[in-house]
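Please read the notes below with the sequence and the model open side by side.

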Amino acid sequence: MPPTQAESVIRSIIREIGQECAAYGEIVSETLIAFMVKAVVLDPSNGFNMDRTLMKSDVQNLVKLCMTRLLDTKNPSLDTIKMQVYFDMNYTNRVEFLKEHHRVLESRLGSVTREITDNRACAKEELESLYRKIISYVLLRSGLGSPTDIKTVREVTAALQSVFPQAELGTFLTLSKKDKERQLKELTMIVTGIRLFNRDCGKGGEGIDDLPAVLHVAIPATMQHIDYQLETARSQVYRYTAILEKAANDPHMRAELQPYMLKEALYNIRQYEVFLQIILSDIITGAQEVEMMTKQLGAHLEQLKMTIKSKTAVPTSQVFPIFIALSTLWTSLQDETIVVGVLSNLFTHIQPFLGAHELYFPERAMQRHLNGATVKTDVCRMKEHMEDRVNVADFRKLEWLFPETTANFDKLLIQYRGFCAYTFAATDGLLLPGNPAIGILKYKEKYYTFNSKDAAYSFAENPEHYIDIVREKAKKNTELIQLLELHQQFETLIPYSQVSRVNIL
């Protein structure tokens, strides 16, 4: 089937599934539908042949299977996939997010900038109008106060006039467009620095929030909230894991428990844990940045006070660079405020995707299953085997890495997000954290960790066998592709944020 025809068929399938879901009262995004189509086709138990064109009956079956999965409200697997889709569509790392944020701000300033740089003012009234536009530009770019607030406008006007009086507009108008833009940005930073200094001296700062104080409250509060949710999630992980380990040795318990659903619930909360760790890591980075910038801000303000003291005039070469440095720091603090807000919002919005764990596994039933089981934390499991290390002499053709002999040992990119591949394969999907101290296996330029020495030895006897089992399990539970970071093994399943823009089948 030609690509354009295939894309048309895919769009038609996605549209049909979306309409069918809506008829049942479920509004489902095209991104989620597109991924579900991929997931259903990928699952070998559904019998789709990736190498031939879909027949009408195949399409009908595909739509039916997707509908069944998308409308299943008691499905931890679907909850996890929804969480993954939402996170991937809404999370960007700090650097990329701020780059995009600044790009958006620049685009919003575009029309105001052009009104100034393209201006050909000559008459007095035109020059006065141009100057007012520059004042508005400075306010908008700095983000410190509203252009409609009279007190703020007066303060900005006074600061601007002290470094760029209206009489200098004639020289400004002779500059090239690029030089005008550069000077506008520089003037904004100098004016912002002046306002921040005046605010610190108690002589101004209209409309300027105390960002260091705001962040010093907001960041710890957000971190505390996430830490609490992280501990709660981990507690649930450890309980689920203990029950699954107990059920593995109790046939009657397995029959009653439905271990496959408990494993899906385990994947759901492990994925939640991973996302919380990502968010928390970004916030911790922000906290470190804020602490450093607050100290630098104080040092620059003190330097300005020492430079100016009671002098009526100070060379611009002494103070302008400090004003610009103050402005740059303040912009970075504004960035951190935005980042914390976005991350906090993301944290709030992924919580509903935890699913109705109480509905799947009521607390009373959990307590009954936990009776006689040993609940272990990830840290406890690692401590149990800390001294139980691989003997390199037992393996002639395999390379094992250890912390004391490997540079950047803790920076190695571990397969399966650090979970033990052998345990996962041997227990049909139980997730136990690997312990790097036992030894990291380097196999075909990839790194694997194990939760015990026995697991390491078993995997090392036939790595491909266990790697294949993990891959096949992920075809049936496609949420594992994201959770275990298996995208390279499933090239047809790219990140969710791109899934609606590509050929699906």
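Predicted model: local features only at pLDDT ≥ 70, side-chain atom pairs only at ≥ 80, totals over all residues.

1. Residues are numbered from 1 along each chain as its sequence is written, and side-chain values use heavy atoms, with hydrogens and water left out.

2. The chain averages a pLDDT of 90, and 95% of the residues score at least 70, pLDDT being the predictor's confidence in each residue, from 0 to 100. Over residues 497–505 the pLDDT stays under 50, and for this stretch the model has 21 contacts beyond four places in sequence, a contact meaning heavy atoms within 4.5 Å.

3. The chain is divided into domain 1 (5–71), domain 2 (119–201), domain 3 (211–365) and domain 4 (377–493), with bounds that come from an automatic or database domain assignment. The centres of domain 1 and domain 3, taken over C-alpha atoms, are separated by 36 Å.

4. Helix 2 (residues 30–42) packs with helix 3 (residues 56–70) at an angle of about 115°, their axes lying 10 Å apart. Helices here are DSSP runs of H or I with at least four residues, and strands are runs of E with at least two, numbered from the N terminus; axes are lines fitted to C-alpha atoms, for helices over the stretch in contact, and angles run from 0 to 180 degrees between N-to-C directions. Among the residues that meet are Leu32, Ile33 and Met36 in helix 2 and Leu62, Leu65 and Arg69 in helix 3. By class, this contact has eleven nonpolar, no polar and one charged residues, where Ala, Val, Leu, Ile, Met, Phe, Trp, Tyr, Cys and Pro count as nonpolar, Asp, Glu, Lys and Arg as charged, and the others, Gly among them, as polar.

5. Helix 5 (residues 94–117) and helix 9 (residues 177–200) also pack at about 115°, with axes 11 Å apart. Glu106, Thr113, Arg114, Ile116 and Thr117 in helix 5 meet Lys177, Lys180, Glu181, Leu184 and Lys185 in helix 9, a contact with two nonpolar, two polar and six charged residues.

6. Three strands form an open antiparallel sheet in the order 1-2-3, two strands being paired if DSSP finds at least two bridges between them. The edge strands, each pairing on one side only, are strand 1 (399–401) and strand 3 (446–448). Strand 1 pairs with strand 2 (residues 440–443) over three bridges, and Leu401 stands opposite Ile440 in strand 2.
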